[in-house]
Amino acid sequence: MPLLELQNIQKRFGGVTALRNGNLTVSAGEVHLLLGENGAGKSTLMKIVAGIVERDSGRMLWNGQEVFLRTPSEAAAMGIAMVNQESLLAPHLSVAENIFLGREKRTGAGRFGMVDRKGALELARHTIAQYGFPLEPEWPVSRLSPAGRQMVEICRAIHHGSSLLIFDEPTSSLSDTETDQVFRIVRDLKARGMGIIYITHRMNELRVIGDSATVLRDGETVHSGRLAEIGTDRLIQHMVGREVAQIYEREHLEPGEPLLEVRNLSVESTKLKNISLTLRRGEITGMAGLIGAGRTELCRAIFGIDAPQSGEILVGGKPARIRSPRAAVQAGIALVTEDRQVSGLALRLPIGSNVTLANMERISRLGFLDLKYEARAASELGRKMSLKASSPAQLAGTLSGGNQQKVVIAKWLFRQSNIFLFDEPTRGIDIGAKAEVFELMGELARNGAAILMVSSELTELQHVADRIVVMRQGRISGELPRGCSQEQIMKLAVMEVAA
Amino acid sequence: MNRRLQKFLPFLSLIILFVALSIASPYFLTANNLASVARQTAVFNTMALGMTIVIITGGIDLSVGSILGLAGLGGAMALEAGDPVVVGVLIGIAIGTACGLLNGFLITRLRIPPFVVTLGALGIYRGVALIISNGLPVHKIPSGFSFIGEGNLLGVPFVLWMLVICAVAVHVILEHTRLGRYAFAIGSNRVASVYAGIPVNFHITAVYAIGGALSGLAGMIEASRLMTGQPTAGQGYELQAIAAVVIGGGSLNGGEGSVVGTLIGAFIMGLLSNGADLLNISNYWQQVIIGSVIILAVTLDEVRKRRAV
């Protein structure tokens, strides 16, 4: 008997149908992949399983019994837990406190006992050690990287004593070594007889971790079966609903003159040491490295967020004093951050306002805004980028991840920036939108922009970048030409270069 | 669509309240009573307009009541010293602007939350007003000054004209100028605004200065209505102003709010207290009613937003 069975699940939110026919069967002791583009209904389906959202119709069978879950605690009581993609932790509390949040151990008997801090710390330390996480139970969660937070989420879920665990893109923010750790945990849980639902956008993970897969498209289950019986191309085809011949291929351009030169840059606060890097017109420079290698920190330093102790930055061959993001923007530098919801978009404002945000001068006439021009410009850019939105007045927060990323890029296009720093540009966006983002980056390069592309997806770097610079522990550890292998990249990312 | 709906609900409540009061009390729909409502709410309304921009940036200004007191006192002292009415009013506005500038400067330079800075400023400005006046009101004001608070222009209370001008100005700032757009952007996502190259600190300071200027003007209206410069004037008004913004759909998280919403919010509160007076509902109960309305309005707004997501 399967552990969990979902039959013909339907769910509407207002006028929008999120799920029209969701089917999924998971057995104990298997890792079941849930695939599909953003907006396909994966999250909604999982929220129904985890008791966060109630279904409109259809059946959910748990060990063969029909159940109807109304709250996450009902789901937890049955043994269903979810490891969230966006961390749902209390940042000011410690790792241990977060693991036991809502289920604190008490010293005394009954309701009047005090919270047993020592016991919780011990227990947390034990759980963490069991999986070899680089965490200390006393650390405040606010100081952890996204990867660290993910690990706390996993500890929290495991500790529940669950029999079904849902992982929502657990590796999207992790480096390769950390990803391996997550895989080890997942395999270990599987060996203990747990059922695992695993959502991912990383195609190269599928066969490493999955046993079977279900593909959702437009709220409907379009494929379900053993992974061994289907090719990856067929799976992608199911996800996007059309042939995908060559998703990422790009013609090679001869790079032009340097637009941005970084010379011997060091930043104490973020441990960047002696960085030298040149970005040329028409060239996409890839940047690889583990999480914490200093790639995001380098983008921040170039963009004037963290002040350097030494070194200089040249823009267009001339020394530039970039001491604030404002100065960077005026020098023609654009930063597409890895977390667009936190630092890229004003989610509660319309698309049009977001597009013009970095260049209000262009829509100002004698201090007043030319709102018609703004709407026209935003529509035009949206059309060019095949943005899926009803109008420039739609709120940015209501767009899917891929479309939000397009709005961020549109903002810098409207600014007419020519030096682009892309930090994990495809994070959390689906395959179709990824290809469109790469196309946009290619077009930017063709039109004479210099591009730095930070990515943890080695395959993407291999296909999109003209050359790949690798960082390790705050330094640049080497550079590789187009056509290099993933092994070469990883070697530079992990090991000290022989002198 | 969403935004229109947001404006529609408070407006509907205002109409219903208006109709209900017209039926419940024969005195309500008289020119005298309506004019008195306009005069009573003008002070809160003017302050609330400034508070709207501040709240849109994700900030708050708890010191507006104290600014009102200090500015009204300063303006009245100038009038007592023999300055013409226009100069006195301008001095009141200038004092308000200076207080707002100081707030904005402290918030952006010391990087302390607006709640804390303006909580401190609430005490400081009030204390300064009491020190310079020795706690005594200023009385010897030329009688012409009463025109601002009590006079009519073309048969309509003069304060209403002033309120309309201020409201249109703030609306234009919010919807049609860079400052307004930046206020929304900063309130919606401050980090993204910094990364977009917006001079965030400058605009935050400007917003508090505008709020201060409007509180200064409100102080002069209050002084004109009382024909005294009271160092204790405006105590607790900051909460009324915040309530008006919030009832009108403004969000204390920033990024949301409108002039029309705030005006409706202020008038709802004005009508409630006027209606309660007409219907002989005790002052004690009025406070309970207005408090409940604040919670109810924000609850309805939240429910609507949650559904929209």
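Tutor: In this predicted model, the buried residues of helix 8 of chain B pack against helix 12 (351-356) and strand 18 of chain A, together with helix 2 (31-56), helix 7 (158-176), helix 9 (190-195) and helix 10 (200-226) of chain B.

Student: How many residues of helix 8 of chain B are buried?

Tutor: Helix 8 of chain B covers residues 178-188 and is mostly covered. Its buried residues include R181(B), Y182(B) and F184(B), and also G187(B) and S188(B).

Student: Which element of chain A gives the most to the side that touches chain B?

Tutor: The contact takes 24 residues from chain A and 18 residues from chain B. On the side of chain A, helix 10 (325-330), helix 11 (340-343) and strand 18 (368-369) each supply at least two residues. By class, this side has 13 nonpolar, 8 polar and 3 charged residues. The element that gives the most, with 4 residues, is helix 10 of chain A.

Student: Within chain A, which elements give two or more residues to the side of domain 1 that touches domain 2?

Tutor: Chain A is divided into domain 1 (4-240) and domain 2 (258-494), and the C-alpha centres of these domains lie 31 Å apart. In the contact between them, 17 residues of domain 1 of chain A meet 15 residues of domain 2 of chain A. The residues on the domain 1 side divide into 5 nonpolar, 8 polar and 4 charged. The elements asked for are helix 6 (176-191) and helix 8 (232-240) of chain A.

Conventions
Residues numbered from 1 in each chain as written. Chains lettered and ligands numbered in written order. Predicted model: local features only at pLDDT ≥ 70, side-chain atom pairs only at ≥ 80, totals over all residues. Contact = placed C-beta atoms within 7 Å. Nonpolar A, V, L, I, M, F, W, Y, C, P; charged D, E, K, R; others polar. Buried ≥ 20, exposed ≤ 12 C-beta atoms within 10 Å, placed from the backbone. Domains from an automatic or database assignment.
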